[in-house]
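I opened this notebook to record what I looked up in one protein structure. The entries follow the order in which I worked.

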Amino acid sequence: VFDRGNHDRKIICIVDDITRRKNTEQNLIENQKKYRIVFENSSDGIFFLDNTIIDCNTQLCRVLGYEREFLIGRNFPDISPPRQPDGRDSETVSTEYVREALLGRPQSFFWQFHKKDGTPVETEVSLKSLTLKSKKMVFATLHDITERNMAERALRLVNTKLNLLSSVTRHDVFNQLTILRGYLEMVRTIEENPSVLNYIR
């Protein structure tokens, strides 16, 4: 500041302590790094959507076999068969699930997607609403249960076969015992020796 009366130059310094702001910024950067590490290294597919997918992690791309660029902007029906295994229309049901989640009612359900090559992928999906930058959206996680379901189906098939085998074997053994009892009964009617009758009993 130049003082005209004294012809002296004077400087006014204003010092503002920005330590707290810098710490906050640093914490924000660290939290974003942690979030990105968790997001990208999750064993489950993770994605954000409103009506379409806004962002997704690498695991979702791996499970479904699509590139991230393809998935962004898509919705459930785009990467699902027209009908779910129980016969429900994929578009109608997925729209309902997303709508309910956006209304604050978390959703959890089984869902079949199809991979890029058309192979079905059986999953457990969870939807929950959240607000980011004043925008309401859905946080979704997807867990691939295809192998588990295949193992369960194989186990059920093995159990069915074992039950059938057990039933047939039991039936065959029972038939043999019935025949044996019949022969023993016939021998008892013609045998008079008490010691032989005792063996028969």
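**Entry 1. The model.** I noted at the outset that this is a predicted model.

**Entry 2. The core.** I asked which residues touch the most other members of the largest nonpolar core. They are Phe47, Leu64, Leu71, Phe76, Trp111, Phe113 and Leu127, in a core of 25 residues. I then looked up the elements that give two or more residues to this core: strands 3, 4, 5, 6 and 7, together with helix 2 and helix 4. As background, I recalled that nonpolar side chains tend to be buried together in soluble globular proteins.

I took phenylalanine 47 as an example and left out residues up to four places away in sequence. Phenylalanine 47 touches Ile53, Asp55, Cys56, Leu60, Phe76, Val138, Phe139, Ala140 and Leu142.

**Entry 3. A loop residue.** I located asparagine 57 in the loop between strand 4 (53-56) and helix 2 (58-64). Is asparagine 57 buried or exposed? Its relative accessibility is 0%, so asparagine 57 counts as buried. Setting aside neighbours within four places in sequence, I listed its contacts as Phe39, Glu40, Ser42, Asp44, Gly45, Ile46 and Arg68.

**Entry 4. The cysteines.** I searched the whole structure for disulfides and found zero. Cysteine 61, for instance, is in no disulfide, and the nearest cysteine sulfur belongs to cysteine 56, 4.0 Å away. Cysteine 61 counts as buried because its relative accessibility is 12%, whereas cysteine 13, at 65%, counts as exposed.

**Entry 5. A surface patch.** I recorded a nonpolar surface patch of about 330 Å², made by Val173, Leu177, Leu180 and Leu184. Leucine 184 is found in helix 5, which covers residues 146-190. With a relative accessibility of 34%, leucine 184 counts as partly exposed.

**Entry 6. The salt bridges.** How many salt bridges are there? The count comes to 10, and I examined some of them in detail.

- Glutamate 25 and lysine 22 meet through their side chains in a salt bridge, at 3.9 Å from N to O. The two residues are three apart in helix 1 (residues 19-41), so about one helical turn separates them. Glutamate 25 is partly exposed at 36% relative accessible area, and lysine 22 is also partly exposed, at 45%.
- Aspartate 86 and arginine 88 form a salt bridge with an N to O distance of 2.6 Å. Aspartate 86 counts as exposed at 51% relative accessibility, while arginine 88 is partly exposed, with a relative accessible area of 27%.
- Glutamate 96 pairs with arginine 99, and the closest N and O atoms of this salt bridge are 3.0 Å apart. Since they are three residues apart in helix 4, glutamate 96 and arginine 99 are separated by about one helical turn. Glutamate 96 is partly exposed at 37%, and arginine 99 is partly exposed at 39%.

Methods. Residues are numbered from 1 along each chain as its sequence is written. This is a predicted model: local features need pLDDT of at least 70, side-chain atom pairs count only at pLDDT 80 or more; totals for chains, interfaces and linings use all residues. Side-chain values use heavy atoms; hydrogens and water are left out. Helices (H or I, at least four residues) and strands (E, at least two) are DSSP runs, numbered from the N terminus. Buried means under 20% relative accessible area, exposed over 50%, partly exposed in between (1.4 Å probe, protein chains only). Contact means heavy atoms within 4.5 Å. A nonpolar core is a set of buried Ala, Val, Leu, Ile, Met, Phe, Trp, Tyr and Cys residues joined through side-chain atoms within 4.5 Å. A disulfide is a pair of cysteine sulfur atoms within 2.5 Å. Patches are made of residues with over 30% relative accessible area and no salt bridge: like charges are joined within 9 Å, nonpolar side chains (Val, Leu, Ile, Met, Phe, Trp, Tyr) within 5 Å. Accessible areas come from the Shrake-Rupley method with a 1.4 Å probe; for residues, only the protein chains shown count as cover. A salt bridge is a side-chain nitrogen of Lys or Arg within 4 Å of a carboxyl oxygen of Asp or Glu.
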